[in-house]
Structure formats: structure tokens, C-alpha cells
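Let's walk through this model together, stopping at a few places along the way. Have the structure open and follow along as we go.

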Amino acid sequence: MSDQSVQLIDGKNDRSTSLPIVTGTLGDPALDIGRLNKETGYFTYDPGFVSTASTRSAITYIDGDKGVLLYRGYPIEQLAKHSNFLETSYLLINGELPSRTEFNQFEHEVTHHTMMHESQKNFLNGFRYDAHPMAMLCASVASLSAFYHDNLDMDDPEQRRLAAIRLIAKVPTIAAAAYRSSVGWPVRYPRNNLEYVTRFLHMMFEVPSEPLELNPTVAKALDLLFILHADHEQNASTSTVRLVGSTGANPYACIAAGIAALWGPAHGGANEAVLSMLTDIGDAKNVASAVAKAKDKDSGFRLMGFGHRVYKNFDPRATIIREMTHKVLADLNIKDPLLDVAMALEEVALKDSYFVERKLYPNVDFYSGIIYKALRIPTEMFTVMFAIARTAGWVAHWLEQQVTPDAKIGRPRQVYTGSVQRDYIEVGKR
Ligand code: CMC
């Protein structure tokens, strides 16, 4: 916190008040408005939190104008090139890259918490055969608090740490089980001799009748996608995790809330929506009319995978995924006409003044669906993939919140626009 302040002049009441400035290590400074209402009688009004910092955080930094994304100070490009998802998870949670021993310990612990309780299978079996896997994941993660209710003393750092490990370890197991129950395959148990992403792919795709032959490109690509999706500071789902966390709710409930928030098409659901949009467009020759429709506000149609609240330049994750998409399709020898549609759409939109003026660039979800499709991940599992990766970020934020000294329950105010006080009217007189 700096000792600088900003003077706020209230012309209406001819008075002024001084607001302290809060600065971080990077990024724009913020006005501390915590005492504003008490001192002036005003609230601030900021729908969508466009100009509001809800917390201090040392986990992830984004410079949306320059297209910069740092996890604990490390550029996403370097992590994508040199790290792996589990190491990145360790970094997000603990703040530093692990030594070899620390990584081995972390991996060992995660690996040995991947099993889900046998009776959780009954829970999954209770869903209708056509249940969306996001619904199953959300409910099953919430149900973990019932399975581990004896380890929910969140004042105990060891119990907090254990909850974090369990979440990172079990979410892929539950996700794969949700998929398998939707296709009528028996649940595949996690194998300890495999590493995190490969283990997940085995749980997803191995059938009892034959071993799974896994192309290393598939595991590598998924690991990269997981790194890119692992955290993104105070996005809607992470803010949801923190809001629920601020009430003292248990971590499984908090992460389940994050999964629910992620599901929306404006957030993590966009990757699924991108694929159906590209399928609907169908051919590069229809791109111009799709772009025209997206510009027409009355159509209610937006180009999915375009635009971002924070990035007003290229989303650095999209740049990495774009390159990866071409490599994956080439390595797996897949010709996907949807990629041609995607490239034509990107080209037209990037030249169109509507998108240029509003700084609408492809975001992380624009290409990820095409890679997932190439990896044979079913469309309804796309957002689940995002949730597996983002669990690392959610858990890191939840842990950080638990040790924040000035943490308060999240409780926004409102500008009331309803009826003024009036008297009850009996039904016959209405
Ligand atoms: N297609 C067409 N117009 C758009 C789009 C789009 N994808 N995105 C924004 N606009 C327009 C919008 O209509 C508005 O125009 P005007 O100024 O004339 O009213 C302007 O651009 C600003 O949009 P906004 O809705 O005020 O921006 P926002 O910061 O509230 O929304 C967003 C950000 C990501 C929700 C939005 O860009 C969007 O709906 N994109 C499509 C969905 C998507 O791809 N979501 C994934 C986001 S990245 C991954 C994640 O967060 O999970």
C-alpha cells in the first residue's frame, strides 16, 4: 500500500474526500474505496466489475493491452515451452517452481489421491444416460465434501493442503468417469504408473477389451492446453470460487461453484460454442455472412471465441494454441474442414473495422475446440477439460484467500430501481 491518495471532489455537496491509492508490483494502481460510503454516503456503480479490483493476489498477472500473461511472474510462453501441467499447478499453488524433490513429492501425493470413493460411482450412476458431463462434474465435486467431511477444518493448514491435493487429483478421475457413464463404459481406475495427463487419457479412452495405444502428440497437446487454461486471475469462475470461499464454505463447495460459473458460453462454455458455430458456418464461403450477423446487434449472435474483457490485443494463449493446432493436425494426419472455416473467419474478422475498433481478437477458446476434436474429446467434454485445468488456479486462489489477513465476506451493494415503499393491497382490490 502506498501513502499516496486521490482527492475526490463532491461538487453537489461542496466537499471532498481523500481516497488512498493501492499499488501492486505490476499493473494500474487502484483507489481504495472501502471507506467511501461511510465518509461520503456514495457507493460505486460498476456492473461486471469492469473497473473494480476485488482482491490483492500474487498468483497471476495479465496486461491486456500488451497481451502478457504471467503465472507467478513466469511468462505463459516459457511455461508452455518448458513446463508441464503438474509443475505449473505446483507453481500456482506454492508460488515457486519446485525443486526435483519437491516435484516428485507433489506428483507422488497427487497420484496417490486420484482414486474416487467407490460409492461415488453410485452417485454418477444416478444421472440420466444423457446428462451433460459438466452437470455431473459440478455435482460430484460438490459431493466430495460429504466424502471428506472429517477433514474440513479449514483453520488447519494441513487439511487445506490436503483438500487442494485431493481436488487436483480427483477432478480428472471424476471427469473421465462422467464421460464413461454417458457412453455406457465401466469406470476405469486411475493407474499410478502413468503421469497426470496420460493417466487421464487412459481413464477416458481405454476399454476393457484392449490396451490403449496413445500417440504421444495427444498427451503433449493436452498437457499444453491444461497449462494455458490453468489460471487467469479474477475471471468469473475464480471470482465465484472466492466469493463462495469468503463465506467460509468448504473448498469442494467453492470449486463446484467455480465449475458452475465456468459452464456459461460467455466463459468456459465458449469452446463448445465455438465448435458448434464453426459447424453451423460449415464452409469458408459462408464466413462473410456469419461476420455480418455478428455485427448486427439485433441478431443476438456473437462470434464465439472472439473478444475478451481484459485482452484488448491478441490473447497470448490463442497465439500458442493456434500454432499447436496446426502441429497437432499435421502430426495426427487429420484434415479438418472446420480449421479452414476457423482460419477464414479469423482472417475476415481481423480485417473488419467492427472487430478492429472494438479490439476483438480470437481468445483461448477459438482454437482449443479444434484441438480437442482432433484428440477425439467429445464436444460436451470441452468445458470439462477446461475445468480440470482451471482446478489448479481455483485451488491456488482459494488457498491464497484462506491466509489473507483482511479477508471479508464478499457482499456487493446495489442501486435499487424497484418500487418505493407502498401498502399491501388485498387480492380483491388489485
Ligand atoms: N462478437 C461480436 N461482437 C462482440 C463480441 C463477439 N464475440 N464480443 C464483444 N462484442 C462487442 C459487443 O457487442 C460490444 O459492442 P458495442 O460496444 O457496440 O456495444 C463490444 O464488443 C464490447 O463487448 P462487451 O460485451 O461489452 O465486452 P465484455 O468485456 O463485457 O465481454 C466477452 C467479453 C468475452 C464476454 C465477449 O467478448 C463475448 O461474449 N465473447 C464471445 C464469447 C467468448 O468467446 N467467451 C470466451 C472468453 S475467453 C475464455 C474465458 O473467459 O473463459
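Contact here means heavy atoms within 4.5 Å. Before we use that, two notes on the model: it is predicted, so to speak of local features we need a pLDDT of at least 70, side-chain atom pairs count only at pLDDT 80 or more, and totals for chains, interfaces and linings use all residues. Residues are numbered from 1 along each chain as its sequence is written, and side-chain values use heavy atoms, with hydrogens and water left out.

Start at T111, in helix α4 (residues 100–111); helices are DSSP runs of H or I with at least four residues, strands are runs of E with at least two, and both are numbered from the N terminus. Leaving aside residues up to four places away in sequence, T111 touches N192 and R199. With R199 there is also a side-chain to side-chain polar contact at 3.0 Å; the term stands for a pair of N or O atoms within 3.5 Å, where within protein one must be able to donate a hydrogen and the other to accept it, and residues adjacent in sequence count only if both atoms are side-chain atoms. T111 is buried, its relative accessible area being 7%; buried means under 20%, exposed over 50% and partly exposed in between, with a 1.4 Å probe and protein chains only.

Next, find I76 in helix α2 (residues 76–82). I76 is buried too, with a relative accessible area of 0%. Beyond residues up to four places away in sequence, I76 touches L69, Y71, I227, L228, P316 and I320.

Now look at the open sheet of 3 strands, ordered β4-β5-β6 with antiparallel pairing. β4 (60–63) and β6 (74–75) are at the edges with a single partner strand each, so one side of each has no neighbour in the sheet. Strands pair if DSSP finds at least two bridges between them; β4 and β5 (residues 68–71) pair over 4 bridges in the antiparallel sense. D63 sits opposite V68 in β5.

Which residues are closest to the ligand? Among the 22 residues that surround the ligand, the closest are H267, R302, L303, G305 and R309. A polar side-chain atom of H267 is 2.6 Å from a ligand oxygen atom. A polar backbone atom of G305 lies 2.8 Å from an oxygen atom of the ligand, and an N or O atom in the side chain of R309 is 2.8 Å from a ligand oxygen atom.

How values were computed. Near = heavy atom within 4 Å.
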